[in-house]
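Work through the exercises below with the model at hand. Try each task before reading its solution.

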Amino acid sequence: MILKTSTRIDNATVTIYKLAKERSETEYEYRKALGQEIARLKAEGTPVSIIGDIARGNTAELKLKRDMADSMYTSARDSMKALQSELSGLQSIYKVQSEV
């Protein structure tokens with residue numbers, strides 16, 4: 001079980017790296033699109049008081065993708081922490097049993 005859990009942690013590390021990269025890329029795309037949308041709305045003469053709300057509404061799909069990528073990364077990271085705790089518990093059991 002220790003070996004199996006260790007392998008799962010190794011696989012999780014690779015997955016977390018990919019999800020972290022995706023998380024960063026989606027954040028970049030959202031911020032870039034939001035800035036462009038704000039600039040476009042200003043150029044069109046949209047009142048400054050509502051530009052932020054309109055721009056966020058117009059880029060909502062990218063924000064959803066960003067939020068989903070963030071949630072996936074957080075979930076994967078938490079799962080890896082659970083696997084590390086499981087491995088620690090298994091190692092403790094093994095140590096106790098080998099001392100007996």
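Predicted model: local features only at pLDDT ≥ 70, side-chain atom pairs only at ≥ 80, totals over all residues.

**Exercise 1. Determine the fold elements and their order.**

Solution. Start with the count: the protein has three helices and zero strands. Then read from the N terminus: the order is α-α-α.

**Exercise 2. Compare the radius of gyration with that of a compact globule of 100 residues.**

Solution. Take the reference first: such a globule would have a value near 13 Å. The protein has 22 Å. Now check the principal axes: the C-alpha trace spans about 80 × 20 × 15 Å. Burial comes next: 23% of the 100 residues are buried.

**Exercise 3. Compare the reach of helix H1 with its expected span.**

Solution. H1 covers residues 2-43, which is 42 residues. At 1.5 Å a residue, 62 Å is expected. From first C-alpha to last, H1 reaches 61 Å, close to that value. After H1 comes Gly45, with a positive phi near 90 degrees.

**Exercise 4. Find the buried residues of H1 and what they pack against.**

Solution. Use the cut-off: buried means under 20% relative accessible area. Residues of H1 that pass include Thr5, Ile9, Ala12, Ile16 and Leu19. Further along, Tyr30, Ala33, Leu34, Glu37 and Leu41 are among them. Recall the geometry: an α-helix has 3.6 residues a turn, so residues three or four places apart point the same way. Finally, the partners: the buried residues of H1 pack against helix H2 (48-58) and helix H3 (60-99).

**Exercise 5. State the share of contacts with a separation of 6 or more that joins residues 24 or more positions apart.**

Solution. In the protein, that share is 76%.

Methods: Residues numbered from 1 in each chain as written. Heavy atoms only, no water. Helix = DSSP H or I, 4+ residues; strand = E, 2+ residues; numbered from the N terminus. Rg over C-alpha atoms; globule rule 2.2 N^0.38 Å. Buried < 20%, exposed > 50% of the residue type's maximum accessible area, 1.4 Å probe, protein only. Contact = heavy atoms within 4.5 Å. Expected span 1.5 Å × (residues − 1).
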